[in-house]
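Dear colleague,

I am passing the structure on to you with this message, and my notes on what was found in it follow below. Please read them with the model open beside you.

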Amino acid sequence: MPYATLAGALAALRPTDDLILEQTKQLEELNERFEVALNNMGRGLSMFDANARLIVCNKLYREIYDLPEELTQPGTSLAEIVRYHVKRETGRDDAEELQKQRAWIEQHVAELARGKSFSHTQFLKSGRIVLVSNQPLAVGGWVDIQEDITEKRLAEQKIDWLARHDTLTEIANRHHFREQLENWFSMQQAGGGFALLWIDLDHFKEVNDRLGHPAGDALLKSVAKRLRAVVRDTDVVARLGGDEFAILQANAGQAQATKLAKRILCALAEPHHVLGHKVVTGASIGIALAPKDGSHPEELMKNADVALYSAKTSGRSAYAHFHLEQTRRPGTRRQLETDLPSALAKEQLELHYQPIVDLERKSVTSFEALMRWRHPKLGIIAPGDFIPLAEQTGLIVDMGEWALHQACRDAVKWPEQVKVTVNVSPAQFDSGDLYETVKGALDASGLHARRLELEITESVLLRDEAKVHSTLHKLRELGVQIALDDFGTAYASLSYLRSFPFDTIKLDRSFVRDLDDPQHPDCVAIINAVVALAKQLQMNAVAEGVETADHLRSVSAAGCEVQGFYFSKPVQASEVPAILSQVPRRLRASERGRPRKSEVTPL
């Protein structure tokens, strides 16, 4: 080929300056797009070559680790980046720390060189949680992807927390409590044993009824806070539901559990300030020890419940340890809850009657009807053991209606001057028509309305005031008498006596019981004052809990009617005639200065 022709061909093959400029521009545009895409990724990215030097990284990578500009330039060694990051996070930059970093980098690079992919989670001082994934490249080196999983992890933690905690009180819930109990049994607390304290608040329902559910919720939060304050970090505090709490006390025996129970009672006894109200509450505590009182969770929980039941029946604001003898008492609360719904249908309920005595006339003025449950296996069960359960489950409405009808049928057979006193639950005001129920019982039995007295507690008056007062006034217009029970306890106040013209007020038995206690020298004065007030308001006054001749002498001077085991335990309707003749004889004997022990022993 001629030289001129060859030269012309080569010249045609060389790109023109315009073409070079165009290709350069296209390359720059491509780089810009790559950089935009890189920096707008939702994850951090960094690429290192086989010598562990940075090839490229994006903006989010720099932000996650808060790296200075000079450490994000191509060619920066991984060692420089790691050193800066560790010093920022931990403050360490000594020779020993640098040696650890070199060893980690060598191992990291070696594993990637073998083609291994892996990931790990970093928890940064800033609060960020970063999932780092490492992917080796075929040509050597690797790519790191940094995913900020902070929100995801926090959401997971929140979900996990919600699954294990009571959202109101922010302490462990029943599910988490059960998990911990099972774990503690598997570990047996390093052989040291532990205690379960089962806690139930006293009078919580009255707080809800009186002040509303927001106040009840605020009280539960206050209780939880105080429970946390009296335990150690190793203990577990849980709300099991409603007003039930539980504590797992680590490495504890009977002495340690007793001390904790006393601390709890003292802490909860202090007034709670909730939504502008000062609320006083207490608690009943059942204590079971592992492994002595239970070798597995179900057994320990059952026995703690038995102990709680014992504490409740022995008096409020009390604690009780589990003892084997308790299992021989009327069944546990859960057993009673199971059997109670069918008790009425199976005719297992019956009424016993205790006399109310007029000391001046030396005669019985009324008999209070007290419900008993004749359980086929457990025998006679007292009202204090099952009435609270009936109120909680709503069974008290049907049981109360039956009691009204039965009491009227029994009383119509007594002398005309003797009344019958029947307790009415707050639930009977809330559900159904109490007026019609009472009228129906009177009509069916033929008992005159003036011979029926309904006994209510102040918790009834904390309900819907207009509805309650309307019902009470209608009952009085019918001729039924109304008595206020347990006067002087809980939320009782003189305002109740002004709000409704009661026929009778009954002093709480604690005033009579404490007559023998030198720490309560004011009981006689209180009894005298209440009786005098009742007379001024043209009401009868009854002192409950008279069990001894000394009690009788102390209250007789006040001029009130009396009720208690001194005269008789509650008896079946068939024994009422005998009590009517026995009481006058007993009073005459006491006047002659020869008081005798009761002819019938307390139930």
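Are H8 and H9 parallel, antiparallel, perpendicular or oblique to each other? Before the reply, please note that this is a predicted model, in which local features need pLDDT of at least 70 and side-chain atom pairs count only at pLDDT 80 or more, while totals for chains, interfaces and linings use all residues. Residues are numbered from 1 along each chain as its sequence is written, and side-chain values use heavy atoms, with hydrogens and water left out.

The axes of helix H8 (residues 204-211) and helix H9 (residues 213-230) come within 7 Å and cross at roughly 140°, and the two helices are therefore oblique to each other. Here helices (H or I, at least four residues) and strands (E, at least two) are DSSP runs numbered from the N terminus, axes are lines fitted to C-alpha atoms, for helices over the stretch in contact, with angles from 0 to 180 degrees between N-to-C directions, and angles under 35 degrees count as roughly parallel, over 145 as roughly antiparallel, 65 to 115 as roughly perpendicular and the rest as oblique. On the H8 side the contact (heavy atoms within 4.5 Å) is made by Phe-204, Val-207, Asn-208 and Leu-211, and on the H9 side by His-213, Ala-215, Gly-216, Leu-219 and Leu-220.

An open sheet of five strands, with mixed pairing, has the order E7-E8-E6-E11-E12; two strands pair if DSSP finds at least two bridges between them. Strand E7 (236-241) and strand E12 (319-321) stand at the edges with a single partner strand each, so one side of each is left without a neighbour in the sheet. The twist averages 20° from one strand to the next. Within this sheet, strand E6 (residues 194-202) and strand E8 (residues 244-250) run antiparallel and are joined by seven bridges, and Trp-198 has Ala-246 in E8 as its bridge partner. Helix H10 (residues 254-269) packs on the sheet, where H10 touches E6, E8, strand E11 (282-290) and E12, and the direction of H10 makes about 165° with that of E11.

Lastly, Thr-504 is found in strand E19 (residues 504-507) and is buried, with a relative accessible area of 4% (buried means under 20%, exposed over 50%, partly exposed in between, with a 1.4 Å probe and protein chains only). Not counting residues up to four places away in sequence, Thr-504 touches Glu-453, Ile-482, Ala-483, Leu-484, Asn-540 and Val-542.

Kind regards
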